[in-house]
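Hello,

Here is the structure for you to look over, with notes on what turned up in it. Please open the model alongside this message.

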Amino acid sequence: MARKTPKQTQAESRRIATTGDIEVSTYLEIAKEISGEQPAVTAEAVSGAEREAVVVIDFGSQYSMLIARRVRECQVYCELLPHDAPWEKIADLNPRGFILSGGPSSVYEPGAPLAPAYIYESHLPILGICYGMQVITKQLGGLVAPGAKREYGHAILHLSDPDSPLFAGLPPSTPVWMSHGDKIEEMPPGFTALAYTENSPIAVMGDGDGIFGLQFHPEVAHTPEGKTILRNFVYRVCGCKGNWTMGNFINESLARIKEQVDGGRVICALSGGVDSAVVATIIHRAIGDQLTCIFVNNGLLRREEVERTLKVFQQNLGMNIRYVDASERFLARLKGVTDPEMKRKVIGEEFIRVFEEEAKKVGRVDFLAQGTLYPDVIESTSSVSTASAKIKTHHNVGGLPARMTLKLLEPLRYLFKDEVRQVGLELGLPEEMVWRQPFPGPGLAIRIIGEVTKEKLEILRSADFIVMNEIKKAKLYRQLWQSFAILTDVKSVGVMGDYRTYGYLIAIRAVTSEDAMTADWARLPYEVLARISSRIVNEVPEVNRVVYDITSKPPSTIEWE
């Protein structure tokens, strides 16, 4: 239900802060700088008249991407945009409502980020989460102050107004996840408290006209009813119909790819993973023989990866595939390189150069297709919002050189991994391909700490093959997001057959996750870990010690580099 004029139309008494019109985000700037065009797919993947979206305004929370995921799980399209994005960028999405994310700032500090005036002037529903709730409070005439006691972790939410549309289907009391140090001292005029916790008398507030604030985080798994609250907001408050489906995405993407490519020719980088497989399949379905796929052996792949990848693609995709062995070339470029970011930059640039050279052999080529996903984009930017920070460069986003002779075609740029898998199944790809664990574009280079050499690659390949073999034998492969070995730059003393050894330390990493934005270390059975460790130290002569990484993301990343 769209709001009419806000109840607080004592608008002059509510100094709503405005922001200047700047570019929508760094990641769009990257795409425009490289290709001279906007990215290929946005909310237009949902058909014209029925297009709808909920826009998340990002204030730098580590959970911002989770909000977008949860909304999409309700089959409503959602994008994450910075708090200073101009209205013109948002209007194209045909928003039905706004969600203001959490963030690390305090609204009473000088220069704290605030919501642009058009958020309120649009008369659309608004849901503020944590810092977003405090932004609403400050901008609409309330008071935010430092809390006497920081509230972090589990709390019990008690509903004061169970008839609120936000609470449909909720029990009178429910666990929620808190993470805040500030509190609402005084609500804006026209707002009432809708729920409370022991430490937050105003844990939920609303104005009765479509603006709500939540002090807790509904997007995290620690809030069991959080998805219900978000679903209530997008359906009962915003009036969305839920037309964001992968079937719609495929149909609209086919039309957009045909229009964008027109009579041009495309080369697609195949890696063997689900992302590039889905990209190749959907583009091939759209333009047929105008697509040539290129599989580059960069020398950084796992054991048997080249053979398996070529076999799967040739048997299942039926496309024109060119195989390029550039392993020596990549290793030469990586000689002496130890910095993780530099590795990614070097590999990303070399990929592009190989593709450009291969394109000349193909003939006239206009586009380079890549399997870039939304988490890649977010983690690679200095931020989607100026309030958050770059984590690392992904080889097919921030690792791209400043100038390219090919335009980019990235039809999955705004999808999460689980959505890509749904698309793959809709397209009829085999489950072996769709459910393959993610493998980073820079390959084993970022699983070797320090300089990459042929010797280290062979050591890591042997250890990693054992990890994967034992994980599959234990029937754990599909339960894990990723499982792999890391060759550290640490050596330690050991004893084998009464002889002293001085060998490498291998770390094992296995995590569970939904989208790689957050991850938890997998509680692998001890017997599985024991078999992995025993096999590695017995079958890989250069290794005499194995450890298991039990760190979640955050604070760590999944990959070590």
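L270 stands opposite F295 in strand 11. Please keep in mind that this is a predicted model. Strand 11 covers residues 291-297 and pairs with strand 10, residues 266-270, in the parallel sense over five bridges. In general, strands of a sheet pair through backbone hydrogen bonds, either parallel or antiparallel.

Next, the nonpolar cores. The largest one has 163 residues, and within it I99 and I536 touch the most other members. Helix 8 (residues 274-287) supplies the largest share of this core, nine residues. Another core lies apart from it and has nine residues, including F484, I486, A507 and A519. As a general point, nonpolar side chains in soluble globular proteins tend to be buried together.

If you want to inspect I99, these are its contacts beyond the neighbours within four places in sequence: V54, V55, V56, I57, I67, V71, L127, I129, L230 and F233.

A charged residue also deserves a look. R69 lies in helix 2, residues 64-73. Is R69 buried or exposed? R69 counts as buried because its relative accessibility is 4%, and the cut-off for buried is under 20%. Leaving aside neighbours within four places in sequence, R69 is in contact with F416, D418, E514 and D515.

D418 falls within the span of helix 13, residues 417-426. The buried residues of helix 13 are K417, E419, V420, R421, V423 and G424. They pack against helix 2, helix 7 (246-261), helix 8 and helix 14 (431-434). Just after helix 13, G428 takes a positive phi of about 85°.

Regards

Technical notes:
Residues numbered from 1 in each chain as written. Predicted model: local features only at pLDDT ≥ 70, side-chain atom pairs only at ≥ 80, totals over all residues. Heavy atoms only, no water. Core = buried A, V, L, I, M, F, W, Y, C linked by side-chain atoms within 4.5 Å. Buried < 20%, exposed > 50% of the residue type's maximum accessible area, 1.4 Å probe, protein only. Helix = DSSP H or I, 4+ residues; strand = E, 2+ residues; numbered from the N terminus. Contact = heavy atoms within 4.5 Å. Pairing = 2+ DSSP bridges.
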